[in-house]
Amino acid sequence: MLCDLHTHTHHSFDGDPRATAHAMAQAAVDAGVGVLALTDHCEVNGQVQGLYPYFDQAASFAEISAARDAFADRLTLLRGMEMGQPMEHPEQALAMREAHDYDFVILSLHNIPNVPDFYLLRTDRMSEQHYHALYDRLLDEMIRSVAFPGVHTLAHMTYPARYWAEAGKQLDLAPHYPRFMRLFEALCKNGVALEVNVSTLWKGYGFAMPDREVLSLYKSFGGELVTIGSDAHAPEHVGCSIADGYRMLKECGFESITAYKQGKQMQIPIEI
């Protein structure tokens with residue numbers, strides 16, 4: 001059974017207009033995905049500061065709920081949310097987290113305080129020293145954020161590597177290993193899983209976030225909980241490269257994907 005636990009509908013600020021919950025669910029069925037999580041963006045700092053379009057949590061949750069009922073005999077559809085930067089405004093973030101009975105909440109960090117999303121940085125003009133310093137700050141924020149109540153997995157922990165690659169460079173992760181270990185310790189302590197985001201595989205970057213090297217480190221540290229997601233923002237990308245991610249996880253020694261339904265763990269064997 002393939003799981004795709006990181007996808008977005010049109011309710012996300014960057015979602016495709018065609019990405020209704022029903023269309024995403026049908027795409028999952030067509031792609032052979034048995035467990036799908038719809039996890040619309042809730043960029044907490046962007047919402048509070050008025051930097052992102054308004055995220056209508058109620059509309060997103062209601063639409064996902066309707067699709068869940070419509071596909072109940074064909075698909076396990078999880079009602080989720082991707083919560084970005086919750087520690088910048090923890091009180092507001094907690095209210096957003098508790099607004100609905102989510103099955104599954106992704107923790108993500110796309111930026112650090114007072115610095116734009118890595119997506120918006122002029123990476124091509126930055127020195128490697130500067131970029132490493134920003135990534136260290138992002139990792140420190142991840143270590144702090146995994147203690148936020150009610151989150152289940154940490155998304156794309158090597159997010160900056162994507163934009164370094166877009167600048168035609170390869171980010172050397174070795175200088176960050178000490179922080180990786182502290183992050184793995186925090187994940188294990190708080191019972192939070194590590195996500196394998198395969199969007200960079202189906203987009204042609206040649207690596208997942210994190211890649212095999214980091215996943216092997218996590219496994220050797222004692223990490224066991226992993227989730228996987230395509231990060232699809234359109235129906236045609238649901239399930240893309242999930243099988244490749246399964247193979248990579250299997251090669252690293254992982255035996256199951258961790259999914260969450262009403263906050264409770266489900267261990268789904270990796271069979272590929």
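Figure 1. Not counting residues up to four places away in sequence, Pro-235 touches Arg-18, Ala-19, Ala-23, Met-24 and Ala-27, where contact means heavy atoms within 4.5 Å. Pro-235 counts as buried, at 14% relative accessibility; buried denotes under 20% relative accessible area, exposed over 50%, and partly exposed the range in between (1.4 Å probe, protein chains only). The C-alpha atoms of Pro-235 and Thr-9 are separated by 8.7 Å, although the two lie 226 residues apart along the chain. Helices (H or I, at least four residues) and strands (E, at least two) are DSSP runs, numbered from the N terminus. Residues are numbered from 1 along each chain as its sequence is written, and side-chain values use heavy atoms, with hydrogens and water left out. Because this is a predicted model, local features need pLDDT of at least 70 and side-chain atom pairs count only at pLDDT 80 or more, whereas totals for chains, interfaces and linings use all residues.

**Figure 2. Positive phi values at Asp-231 and Ser-241.** Most residues other than glycine have a negative phi, and most peptide bonds are trans. Asp-231 has a positive phi, near 60 degrees, and is found in the loop between strand 7 and helix 10. Its relative accessible area is 11%, so Asp-231 is buried. Ser-241 also lies in the loop between strand 7 and helix 10, and its phi is positive, near 65 degrees. At 15% relative accessibility, Ser-241 counts as buried.

**Figure 3. The buried face of helix 10 (residues 242–251).** The buried residues in this helix are Ile-242, Gly-245, Tyr-246, Met-248 and Leu-249. Seen down the axis of helix 10, they fall within an arc of 165 degrees and therefore line one face of the helix; the arc is that of the directions from the helix axis to the C-beta atoms. The elements covering these residues include strand 1 (2–7), strand 6 (193–197), helix 9 (212–221), strand 7 (226–229) and strand 8 (256–261). Gly-253, which follows helix 10, has a positive phi, near 100 degrees.

**Figure 4. The cis peptide bond between Met-209 and Pro-210.** Omega of this bond is about 0 degrees. Pro-210 is found in the loop between helix 8 (199–202) and helix 9.

**Figure 5. Packing of helix 5 (residues 128–145) against helix 6 (residues 159–166).** The two helices pack at an angle of about 160 degrees, with their axes 10 Å apart. Helix 5 is therefore roughly antiparallel to helix 6, a term for angles over 145 degrees. Axes are lines fitted to C-alpha atoms, for helices over the stretch in contact, and angles run from 0 to 180 degrees between N-to-C directions. Glu-128, Tyr-131, Tyr-135 and Leu-138 in helix 5 meet Pro-160, Tyr-163 and Trp-164 in helix 6. By class, this contact has six nonpolar, no polar and one charged residues; Ala, Val, Leu, Ile, Met, Phe, Trp, Tyr, Cys and Pro count as nonpolar, Asp, Glu, Lys and Arg as charged, and the others, Gly among them, as polar.

**Figure 6. Contacts of Arg-79 in strand 3 (residues 76–84).** Arg-79 counts as buried, at 8% relative accessibility. Leaving aside neighbours within four places in sequence, Arg-79 is in contact with Leu-38, Phe-61, Ile-64, Ser-65, Arg-68, Asp-101, Tyr-102, Asp-103 and Phe-104.

How values were computed: Angles under 35 degrees count as roughly parallel, over 145 as roughly antiparallel, 65 to 115 as roughly perpendicular and the rest as oblique.
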